[in-house]
Amino acid sequence: MSIAVELEGVTCAFSTKGGGAYTAVKDVSLAVAEGEFVSVVGPTGCGKSTLLNVVAGLLKPTEGRVRVLGDVLSGVNARAGYMFQSEALMPWRSALDNVVAGLDFRGEDRASSYPKAEAWLERVGLAGFGNRYPHQLSGGMRKRVSLAQMLILDPQILLMDEPFSALDVQTRVLMENELLELWSANRKSVIFITHDLEEAISLSDRVVVLSAGPASRPIGEYLIDLPRPRDVSEIRLTPRFIALHDKIWHAMKDEVLKGYAQTRNRVSA
Amino acid sequence: MRRRLWFWQAMLLASVFSFWHVATHPELIPPVVWDNPHRAAFFFGEPVKIVKVIIDWFASGEIYPHLWVTLQETALAFVIGAVLGLAVGLWLGLSHFASALADPYIKAMNAMPRVVLAPIFMVWFGLGIWSKVALGVTLVFFIVFFNVYQGVKEVSPVVLNNATMLGATRRQLLRYVYLPSATSWVFSSLHTSVGMAFVGAVVGEYLGSARGVGYLIHMAEGSFDINTVFAGILLLTLFALVLDQAVSMAERRLLVWRPSQAGDADRAL
């Protein structure tokens, strides 16, 4: 299998208000194969999103580089689709117009792009909701629109930044299953950021654990050898899942505590 | 409840007019403040005569050209002011250098009482409608400009990043993200800016013109015809109310995507 995304010694530092520098991630090397689903987990504030922005090309790393399908990335990563944690839909566009946006940017005319967008809305279970505006949709529906908006462009790499963290537990499980179904139909490389270990294990082929910030780096990689197709709510009850969860959680726990202590110090300082 | 409120609101209006009538009609009540029974009517006018003036205006059709001129001036001032405000607001909002450069001058121009520019516009554009339009433009421009400037600064970075990841070029970001976002800010200041355009038109007419409702008031004042002055004021008030209603209707049509406007977020479930 060939490599889809490869991070080589990526370091990201930001200058702070006080004139100092904050290193979010330090010397991260990571490779994602084509068609592989990789989750990155870590304690809050460990620079998971920073890493994803680097792969997306929205953020230039201070050191190191990113290779996408062999080519060194410069500028925005045109082969990647990005699903954001917070609301990213254009509120002045209806659901259908939001889905069609990427094709608009490509200059495709509406006669051919609208039918595609309608088909995608149907695939994410929103047939008949095309003329609703984002505020008229529930949180889960808005995530479906975002998913369709991203997938209509058929990107080779999917970058997902805690996309379902704002949803309630039931909706979340539904969305995770739907994501797996859409993904397995046409396997893309996925980098999925989450702080939820259960979500990470149930979705992925591989889980990467990041250390607490600042200067976080991967401290462990775990192959998830659970069979596919999976049902995310059922698979969580299998012994293999529990064993994996136990193993990864033990490795993570120290980092979570470290991250928690740092946040607390920062607040009290 | 609503109908009862309407009733009391009508009663309030009726009682104000009754008091006005009783207090000003010559020899209706014994003189208390002035010895001359006609003096109260001289200063405050008589509501019956005022209403008669208004009815005569409409019956003879004499008022229509004046109203039409005032409406034209208001509309032109609004459109020109809004377009200029939108363009300059977008430009300064997007260019850090330009906004830093222009900042003190924008503040100075906004602080200046712009009504004093009326004589200059009179010299530049003559006594026709354009000097009034120019005055209205200076008033409308700043309201729209500040709103758009703020709007551009506050465009959600997530929406921008999302559009970028969907392949939008810088130009497309301007057209598909900044412009609709800024336009919504123009509409949110619509009531104020249309009101300001109206103020510009009327004040301009009052200061020197040959037509318009402001001109009628000015002429009546010159001949101490207080009833006509009040009639003009009442007419302007009614006109402003109608204008405001029209703006509300336009707003409802154009801002359907706004959560606060539609108020049907719960319909989604």
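This is a predicted model: local features need pLDDT of at least 70, side-chain atom pairs count only at pLDDT 80 or more; totals for chains, interfaces and linings use all residues.
Residues are numbered from 1 along each chain as its sequence is written, chains are lettered from A and ligands numbered from 1 in the order in which they are written, and side-chain values use heavy atoms, with hydrogens and water left out.

Q: In what order do the 4 strands of the open antiparallel sheet of chain A stand?
A: Strands (E, at least two residues) and helices (H or I, at least four) are DSSP runs numbered from the N terminus, and two strands pair if DSSP finds at least two bridges between them. Strand 1 of chain A is joined to strand 2 of chain A by 9 bridges, and strand 1 (residues 3-15) is joined to strand 4 (residues 63-68) of chain A by 5 bridges. The order of this sheet in chain A is 2-1-4-5.

Q: At about what angle to strand 1 of chain A does helix 1 run?
A: Axes are lines fitted to C-alpha atoms, for helices over the stretch in contact (heavy atoms within 4.5 Å), and angles run from 0 to 180 degrees between N-to-C directions. Helix 1 (residues 48-56) of chain A lies across strand 1, strand 2 and strand 4 of chain A, and its angle to strand 1 is about 120 degrees.

Q: Are the side chains of A:Glu36 and A:Arg206 buried or exposed?
A: The two side chains meet in a salt bridge with an N to O distance of 2.7 Å. A:Glu36 lies in the loop between strand 2 and strand 3 of chain A and A:Arg206 in strand 9 (residues 206-210) of chain A, so the pair ties together parts that are 170 residues apart in sequence. Buried means under 20% relative accessible area, exposed over 50% and partly exposed in between (1.4 Å probe, protein chains only). At 11% for A:Glu36 and 9% for A:Arg206, both residues count as buried.

Q: Which residues are joined into one network by salt bridges that share partners?
A: A:Arg236 forms a salt bridge with A:Glu198, with the closest N and O atoms 3.4 Å apart. A:Arg236 lies in the loop between helix 7 and helix 8 (239-268) of chain A and A:Glu198 in helix 6 (residues 197-203) of chain A, so the pair ties together parts that are 38 residues apart in sequence. The network is made up of A:Arg172, A:Glu176, A:Asp196, A:Glu198, A:Glu199 and A:Arg236.

Q: What is the pairing in the open sheet of 6 strands in chain A?
A: The order of this sheet is 6-7-8-3-9-10. Strand 6 (80-83) and strand 10 (218-223) of chain A each have a single partner strand, so one side of each is left without a neighbour in the sheet. Strand 7 (residues 157-161) and strand 8 (residues 189-194) of chain A pair in the parallel sense over 5 bridges. For the sheet as a whole, the pairing is mixed.

Q: Which peptide bond is cis, with omega of about -5 degrees?
A: A:Pro229 is found in the loop between strand 10 and helix 7 (232-235) of chain A. The cis bond joins A:Arg228 and A:Pro229.

Q: Which helix of chain B gives the largest share of the nonpolar patch?
A: Patches are made of residues with over 30% relative accessible area and no salt bridge, with like charges joined within 9 Å and nonpolar side chains (Val, Leu, Ile, Met, Phe, Trp, Tyr) within 5 Å. Areas come from the Shrake-Rupley method with a 1.4 Å probe, and for residues only the protein chains shown count as cover. The patch covers about 740 Å² and includes B:Leu84 and B:Trp124. The largest share, 4 residues, comes from helix 6 of chain B.

Methods
A salt bridge is a side-chain nitrogen of Lys or Arg within 4 Å of a carboxyl oxygen of Asp or Glu.
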